[in-house]
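Me: Hi! I have a model open and would like to talk it through with you, one question at a time.

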Amino acid sequence: MYTRGIVSYLPTEVLNIVSFLLYGSQEEGPMAKKKEDPAERSPYGPGVLVASVSMKWNHAAADALRPHGISPTQDLFLHGIEVLAGGEPVTQSDLARHVSADVMLTSKHVRELEDMKLFTRSHHPTDTRARSLSLTKAGRSVLKKASKELAKVDATIFGDVGGVEKLKRTLLFV
């Protein structure tokens with residue numbers, strides 16, 4: 001096989017040997033093989049890739065959160081309550097909307113987290129049908145520890161894609 005360029009008359013094997021002698025390896029120099037871009041060979045669309053990465057992250061997050069007694073989904077709800085609790089009462093439907101979760105799933109996790117004493121439900125000040133959710137001291141403590149663990153998981157899984165902050169900015173547009 002022959003290569004193109006100024007030295008197109010030399011066989012590729014000869015050029016590989018010359019590159020090795022000049023540069024110490026075939027990874028450098030004019031005959032270096034182009035690094036393959038994984039996106040070019042992937043048959044999957046972005047949705048499938050996001051789902052796959054999500055599963056990988058979820059497994060790693062579950063392992064990291066297990067010592068704290070919560071799941072990644074429960075952590076999502078705890079974070080949701082923390083983010084929404086800016087002085088206004090947080091309802092279950094507010095929380096469901098914020099984390100893009102089904103109302104029934106939210107209800108299940110709200111009961112579990114309340115049983116775990118990680119947050120409380122009290123009467124809503126203006127809506128007699130609603131309950132107001134708030135983190136307990138234990139809930140804030142678990143959330144703080146869980147956040148540190150999840151930051152490590154994020155750095156491990158997403159650190160090689162140009163930085164976690166850059167990825168966060170990209171995902172916020174979806």
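This is a predicted model: local features need pLDDT of at least 70, side-chain atom pairs count only at pLDDT 80 or more; totals for chains, interfaces and linings use all residues.

Me: What share of the residues of the protein counts as buried?
Reply: The cut-off to apply is a relative accessible area under 20%. The protein has 174 residues, and the share that counts as buried is 25%.

Me: And of the accessible surface of the protein, what part belongs to carbon and sulfur atoms?
Reply: The accessible surface comes to about 12500 Å². Carbon and sulfur atoms hold 59%.

Me: Are helix 4 and helix 6 roughly parallel or roughly perpendicular?
Reply: Good one to check by eye! Two packed helices are described by the angle between their axes and the distance between the axes. Here the axes of helix 4 (residues 72-84) and helix 6 (residues 103-115) come within 10 Å and cross at roughly 85°. That angle makes the two helices roughly perpendicular.

Me: Which residues make that contact, and how many of them are nonpolar, polar and charged?
Reply: From helix 4 come Thr73, Gln74, Phe77 and Leu78. Helix 6 brings Thr106, His109, Glu112 and Leu113. By class, the contact has 3 nonpolar, 4 polar and 1 charged residues.

Me: Which element gives the largest share of the largest nonpolar core?
Reply: That core has 19 residues, and those with the most contacts inside it are Ile70, Leu78, Leu95 and Phe119. Two or more residues each come from helix 3 (46-65), helix 4, helix 6, strand 2 (131-135) and helix 7 (137-158). The largest share, 4 residues, is that of helix 7.

Me: Which residues is Ile70 in contact with, leaving aside its neighbours within four places in sequence?
Reply: Ile70 is one of the residues with the most contacts inside the largest nonpolar core. With neighbours within four places in sequence left aside, its contacts are Leu65, Asp75, Leu78, Met116, Leu118, Val142 and Ala146.

Me: Is His123 buried or exposed?
Reply: His123 sits in strand 1 (residues 119-123). Beyond its neighbours within four places in sequence, His123 is in contact with Ala130, Arg131 and Ser132. Its relative accessibility is 66%, and the cut-off is over 50%, so His123 counts as exposed.

Me: How far apart are the C-alpha atoms of His123 and Leu133?
Reply: Along the chain, His123 and Leu133 are 10 residues apart.

Methods. Residues are numbered from 1 along each chain as its sequence is written. Side-chain values use heavy atoms; hydrogens and water are left out. Buried means under 20% relative accessible area, exposed over 50%, partly exposed in between (1.4 Å probe, protein chains only). Accessible areas come from the Shrake-Rupley method with a 1.4 Å probe; for residues, only the protein chains shown count as cover. Axes are lines fitted to C-alpha atoms, for helices over the stretch in contact, and angles run from 0 to 180 degrees between N-to-C directions. Angles under 35 degrees count as roughly parallel, over 145 as roughly antiparallel, 65 to 115 as roughly perpendicular and the rest as oblique. Contact means heavy atoms within 4.5 Å. Ala, Val, Leu, Ile, Met, Phe, Trp, Tyr, Cys and Pro count as nonpolar, Asp, Glu, Lys and Arg as charged, and the others, Gly among them, as polar. A nonpolar core is a set of buried Ala, Val, Leu, Ile, Met, Phe, Trp, Tyr and Cys residues joined through side-chain atoms within 4.5 Å.
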